[in-house]
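Trainee: Hi! Could you walk me through this model while I have it open?

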Amino acid sequence: MRARVLIVDDDEVYLDGMKELLEEAGYEVFVASSFEDGRQTLRDHSPNLLIIDVRLGAFNGLQLISTGEMRIPAIVVTGFDDTVLRADAGGFGASYLVKPIKPAALLALIEHKLAAEHSRTHSGTRDNSIEPHAEMSSAQSGLDPD
């Protein structure tokens, strides 16, 4: 079964390019261009990984990570290198990448996150129940994808 990836970004050109890249890499890809569409797609398709922009209109993409019923691996992609947002993303277990992103590096990170999630769900250490959500805090350290 192919891994399902949801990309949420308000830039249609970026969405199209990312969708093409990930489909060519063998993923089943869903796209959403708004926070609301992203939330609905999360519910409808239960993706294995979320790639999300920080700025989504009136919403912050981190809100989509923090309000989901189930915690899934996430990669925050943005054009802004902000240490507070990086730390907040890390607090949710999300990687933080600044555009432009090298396709090979993104694909490697996706594989790493999916493999780690597969390990957790098949090792008996996770019961698939709803996990408590971390509080957003600028004091939390972020994951450095480099």
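**Walking through the fold**

Mentor: Among contacts in the chain (heavy atoms within 4.5 Å) between residues at least 6 apart in sequence, 65% join residues at least 24 apart. Keep in mind that this is a predicted model, where local features need pLDDT of at least 70, side-chain atom pairs count only at pLDDT 80 or more, and totals for chains, interfaces and linings use all residues. Residues are numbered from 1 along each chain as its sequence is written, and side-chain values use heavy atoms, with hydrogens and water left out.

Trainee: Got it. How many helices and strands are there in the chain?
Mentor: Five helices and seven strands. Helices (H or I, at least four residues) and strands (E, at least two) are DSSP runs, numbered from the N terminus. In sequence order the pattern reads β-α-β-α-β-β-β-α-β-α-β-α.

Trainee: And what is the strand order in the open sheet?
Mentor: Its five strands run β2-β1-β3-β6-β7, with parallel pairing. Two strands pair if DSSP finds at least two bridges between them. The edge strands, β2 and β7 (95–98), each pair on one side only. From one strand to the next, the twist averages 20 degrees; axes here are lines fitted to C-alpha atoms, for helices over the stretch in contact, and angles run from 0 to 180 degrees between N-to-C directions.

Trainee: Which helix packs on the sheet, touching β1, β2, β3 and β6?
Mentor: That's α1, whose direction makes about 170 degrees with that of β2. Helix α1 covers residues 12–24. Its 13 residues reach 18 Å from first C-alpha to last, close to the 18 Å expected at 1.5 Å a residue; the expected span is 1.5 Å times one less than the number of residues.

Trainee: Which residues of α1 are buried?
Mentor: Tyr14, Leu15, Met18 and Leu22. Down the axis of α1, the buried residues fall within an arc of 100 degrees, so they line one face of the helix. The arc is that of the directions from the helix axis to the C-beta atoms. Buried means under 20% relative accessible area, exposed over 50%, partly exposed in between (1.4 Å probe, protein chains only). On the other side of α1, Val13, Asp16 and Glu24 are exposed.

Trainee: What about the ends of α1?
Mentor: Asp11 caps the N-terminal end, with a side-chain oxygen 3.0 Å from the backbone nitrogen of Val13. Just after α1, Gly26 takes a positive phi of about 100 degrees.

Trainee: Switching to α5: which of its residues are buried?
Mentor: Leu106, Leu109, Ile110, Lys113, Leu114 and Glu117. They cover an arc of only 130 degrees around the axis, which puts them on the same side of α5. What covers these buried residues includes α1, β3, β6 and β7. Ala104, His112 and His122, on the other side of α5, are exposed.

Trainee: One more, Leu42. Buried or exposed?
Mentor: Leu42 is buried, at a relative accessible area of 18%. This residue lies in helix α2 (residues 35–45).

Trainee: What is Leu42 in contact with, leaving aside neighbours within four places in sequence?
Mentor: Leu6, Pro47, Leu64 and Ile72. Leu42 and Ile72 are 30 residues apart in sequence, and their C-alpha atoms are 9.9 Å apart in space.

Conventions:
A polar contact is a pair of N or O atoms within 3.5 Å; within protein, one must be able to donate a hydrogen and the other to accept it, and residues adjacent in sequence count only if both atoms are side-chain atoms.
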